[in-house]
Amino acid sequence: MTAVDLGMPGLPHAPRGVGHLRGAESFPDAARGALRNGQLRANLGHATSTIRGKRANVVGELPDWEQLRAAGKALKTATMARLDEHLEELERQVTARGGVVHWARDANEANEIVTRLVQATGTSEVVKVKSMATQEIGLNEALEAAGLDVFETDLAELIVQLGEDSPSHILVPAIHKNRAEIREIFARTIPGVDPGLTDDPRQLAMAARAHLRERFLRARVAVSGANFGVAETGTLTVVESEGNGRMCLTLPETLITVMGIEKVVPTWRDLEVFLQLLPRSSTGERMNPYTSAWAGVTPGDGPQEFHLVLLDNGRTAVLADEVGREALHCIRCSACLNVCPVYERAGGHSYGSVYPGPIGAVLSPMLTGVEDNASLPYASSLCGACYDVCPVAIDIPSILVHLRGEHVEAVARDRDRPTAEAVAFRGLAKAMSHPRLWHLAQRAARLGRLVSRGRPTLPNALPPPISGWTRSRDLPTPPTKTFVQQWTEEHRS
Amino acid sequence: MKVALFATCLVDTMTPSVAHATAALLQRLGQEVVVPPAQACCGQMHVNTGYRREAVSIVANHVRAFEGAEVIVAPSGSCVASIHHQQAAVARRAGDEALAQAAEELAGRTHELSQFLVDVLGVTDVGAYYPHRVTYHPTCHSLRLLRVGDAPLQLLRAVRGLELVELPGAEQCCGFGGTFAVKNADTSTAMLTDKMANVLGTHAEVCTAGDASCLMHIGGGLSRLRAGTRTVHLAEILASTEEAVTPDQKAIPAVTA
């Protein structure tokens, strides 16, 4: 598929100035602050290790897990190869069943479409099902700017919204908060909440339930995302744990679903694979409590008006990248976040995007163009834990390395003079390509012996970039002879 | 077997004792060891830092240096993983198909030390003696890219005098990650701190692993804290014998070539 097939002039990235794909700070700067937050570290460490354990248990009980992963990967690869055809089929089927399909090139178009649709109903309130796509485009802010009240109904999204915070995890947006902090937010922000509210999870859930119930019952418009859109029948699906999604999807008169174009699957049969992979990878459950599926409108049953907004917002540009396109296979389970040692310590907000963790470190720069998220591909030690747990086997480490290459090459193109790093790496590459130069370079490294003046380690205070190492770790003094040099001397015949 | 030893750029330059130990160990097991003098680097650091174009000539040098070698062994999971997973791809991307194929052929004959010992030579007891309390950190690339599995543990369990203690959270990255350790020094240090806490919790004298790079990271952190626990490469432990016990118990491999 090419951009021309979608009627687009070129391959635009997600636009600036709208949505939540770019952070104000680079990853290292944002992480520096987060790493000092001991409460955040404790909350994240506890939460991620708990989910990791649950996932490992339920994945371990399936003897065909690896085959399921391979099937998930194959289905996604095949679907992406003919994405345009599947999307058009989805449009035909949704339309045939009484729904209206809208195509949104980017966040601005999607926000305009949804705002116009809500305003057309004459209501001033919207209830929302947890959705990554609408977080990505900043829909809440757009609706609020149009004078509409937006209520997140997912418990964790509600906590984030009431706390005037932003999500830090794909599945558990309030993972950075503990029970005591959630109690404080509820006590401060929920009107008429029981003053004796404790941090007992059940009490907290009941307080949210009482707060939300009223809004469900009076809501006339709901906005949702979609986990999967089945092309052959025009069926949309939402997978959830709490039942709030089911309330939003069934009670209001109008339902508007914003779906990234990569969420289409050709047939119902494909869900057989994904509905096994997703809950086990995300919540560590064999099956999620609620799976809602709907196609168009059914007279007298549920919403009588249904709109599907198909969102590109940079996805076609991702699809054009032969190495990176695999990131579009993501089913938003967040298993990669939960196993990532970088995410576990730096937290989701350090990534500056609604998509944090390993998948965010590849997806965000590709959606925005790598220059707008240049630090993210480097925000990984390439340990590979993410690839191992990914239910659709996205080779995230290889995409990270690929994006580093794209970034370095883009910087080289855009600058008249190379960066100091580029000069150093080119010089080193030259040395490492010619044994004679290499031995000279190794001899130069031995000058470190002068700096350490007979001590086994180099001084702590060294200039950048070595200071990045020596601030927290000792660096051994280089030996007098390299191995190859000594060996060659001893084995000269 | 005639084994060409790839020391790796880091070991060759910074910790040559690891390569000496690898050579001594292989010779003790009856292998003929050669050290191609034109070897430098596998190119991984360049590739992983975004300099994949610059890495092509490094890969070419590596392929030239080891041309004709029957079998190649390196004391590093990470470098061997790069040889297996990156070298050909980098050459192919640059349009050098001949180099890509040569790199692929070479990769097929290149082994990480513990895999070579256990899977190729079929040895688990290498006749080593190392009377210390040791914990083992499985480095990410040997664990997840090369899938060395428990080969290093099989080797360690057969070492006389060695008391092996399990490392909690062993499979979590130590935070090294090549240039990650410098570009994201704070996050890297946070990961290192947790790794060190687990290492120190074992009360081991020695933390070992199959990669000198990760050990330089963990060891550099432990040294900064003046912790008594030191880092020793798996090759140095396996090369040690009764003859190597010196008054200060340093791990000096017995060379019996």
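## Domains of chain B

Chain B splits into domain 1 (2–120) and domain 2 (133–244), with the bounds taken from an automatic or database domain assignment. This is a predicted model, where local features need pLDDT of at least 70 and side-chain atom pairs count only at pLDDT 80 or more, while totals for chains, interfaces and linings use all residues. Residues are numbered from 1 along each chain as its sequence is written, and chains are lettered from A and ligands numbered from 1 in written order.

The C-alpha centres of the two domains of chain B sit 22 Å apart. In contact terms (C-beta atoms, placed from the backbone, within 7 Å), 27 residues of domain 1 of chain B meet 23 residues of domain 2 of chain B.

## Where chain B meets chain A

Between the chains, 53 residues from chain B and 50 residues from chain A take part in the contact. On the chain B side, H4(B) gives the largest share, 7 residues; helices here are DSSP runs of H or I, at least four residues, numbered from the N terminus.

By class, that side of chain B has 27 nonpolar, 19 polar and 7 charged residues. Nonpolar covers Ala, Val, Leu, Ile, Met, Phe, Trp, Tyr, Cys and Pro, charged covers Asp, Glu, Lys and Arg, and the others, Gly among them, are polar.

## A helix pair in chain A

H9(A) (residues 179–189) and H10(A) (residues 201–218) pack at about 30°, axes 11 Å apart. Axes are lines fitted to C-alpha atoms over the stretch in contact, and angles run from 0 to 180 degrees between N-to-C directions. So H9(A) is roughly parallel to H10(A) (angles under 35 degrees).

Definitions and conventions
Contact = placed C-beta atoms within 7 Å. Helix = DSSP H or I, 4+ residues; strand = E, 2+ residues; numbered from the N terminus. Parallel < 35°, antiparallel > 145°, perpendicular 65-115°, else oblique.
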